[in-house]
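Colleague: Before we set anything up, could we go through this model together, one question at a time?

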Amino acid sequence: MSDPAVRVDIRGDGVAWVTLDRPDARNALSKAVNLELLRLARELSSDRAVRAVVLTGTGEQAFCAGADLKERKGVPASEAGPYIDAISGAIDAWSRIRQPTICAMNGSAYGGGLELALACDFRLCAAGAEMGLTEVRLGIMPGAGGTQRLPRLIGVAAAKELILLGRRISAERAHTLGLVLEVVPFAGLRPAVERVLAELAGCAPKSVAMAKSAIERGSDVGIDEGLRIERQCYDVTLISEDRDEGLRAFAEKRPPRFTGR
């Protein structure tokens with residue numbers, strides 16, 4: 001049974017919208033929510049009818065405030081393991097979803113909330129939102145991928161500024177750093193996401209998935225191994241039906257009709 005705090009809507013066009021629905025808790029990540037996000041990431045990734053996944057939150061204030069600290073209040077460090085495993089497991093699973101993922105940041109994101117956004121391929125953000133990995137101000141540190149994904153995205157120096165100083169930054173600064181793709185007024189967030197989805201719809205699903213895999217798998221290896229991975233992924237697209245359709249469409253001067261096969 002799905003958690004009512006996480007809503008899922010799979011549209012007819014193959015786009016799955018996943019919404020964190022705990023506005024009273026600023027969409028914080030409880031253990032139950034993390035387990036549901038883990039389940040959904042695996043389920044959606046294996047669903048061949050899903051071509052893209054959008055993650056967002058309810059309300060105009062917060063995309064996700066991070067871990068549910070009220071839930072963990074009073075839990076001794078020796079017993080915190082299951083909570084930490086749940087949030088890191090969920091976020092890691094989102095980073096491994098086969099299809100392109102878009103985080104529609106409807107509001108601010110801190111700690112685990114920002115780490116969850118970092119696990120997505122694209123981030124679009126509502127103007128006025130803030131974000132940060134502020135764990136050092138609570139006597140801990142990012143533990144769900146923040147120290148690894150943020151430097152890879154914006155560079156080591158900028159990541160150290162945010163993480164070691166626990167700074168909160170504006171959506172506009174995040175855009176300058178390359179953390180978010182676009183900043184738009186709240187009312188324009190969904191239309192902005194739809195524009196990105198429309199661009200993705202014009203691309204072959206298998207090609208996008210293989211290109212994503214090549215980038216992810218090749219980012220932490222040497223160039224020779226990276227090129228081997230790229231060729232391996234390229235060969236998958238070479239024998240696809242969409243590759244033949246793409247060539248036919250080009251020759252016939254028409255938009256391709258990709259099927260994901």
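Colleague: Which elements each supply at least two residues of the lining of the largest pocket?

Modeller: Bear in mind that this is a predicted model. The largest pocket holds about 850 Å³ of space, and 28 residues line this pocket, the closest to its centre being S95, D121, K212, I215 and E216. The elements that each supply at least two residues of the lining are α3 (81–95), β7, α5 (146–154) and α9 (205–218).

Colleague: Which element gives the largest share of the lining of the largest pocket?

Modeller: Four elements, α3, β7, α5 and α9, each supply at least two lining residues. The largest share amounts to nine residues, and the element that gives this share is α9.

Colleague: Within what arc do the buried residues of α8 fall, seen down its axis?

Modeller: The buried residues of α8 are L189, A192, V193, V196, L197 and L200. They line one face of the helix, because, seen down the axis of α8, they fall within an arc of 140°.

Colleague: What strands are included in the cover over the buried residues of α8?

Modeller: The buried residues in question are L189, A192, V193, V196, L197 and L200. What covers these residues of α8 includes β2 (15–20), β3 (52–57), β5 (101–105), β7 (122–126) and β10 (182–184).

Colleague: In the hairpin of β1 and β2, which residue takes a positive phi?

Modeller: Strand β1 (residues 6–10) pairs with β2 in the antiparallel sense over five bridges, and V6 stands opposite L20 in β2. Four residues lie between the two strands of this hairpin, and the residue with a positive phi, near 85°, is G14.

Terms used: Residues are numbered from 1 along each chain as its sequence is written. This is a predicted model: local features need pLDDT of at least 70, side-chain atom pairs count only at pLDDT 80 or more; totals for chains, interfaces and linings use all residues. Side-chain values use heavy atoms; hydrogens and water are left out. Buried means under 20% relative accessible area, exposed over 50%, partly exposed in between (1.4 Å probe, protein chains only). The arc is that of the directions from the helix axis to the C-beta atoms. Contact means heavy atoms within 4.5 Å. Two strands pair if DSSP finds at least two bridges between them. On a 1 Å grid over the protein atoms alone, a cavity is a set of points where a 1.4 Å probe fits but cannot get out, and a pocket is an open set with protein on both sides within 12 Å along at least five of seven lines; lining residues have an atom within 4 Å of a point. Grid points are joined across faces, edges and corners, and a volume is the space filled by probe spheres set on the points.
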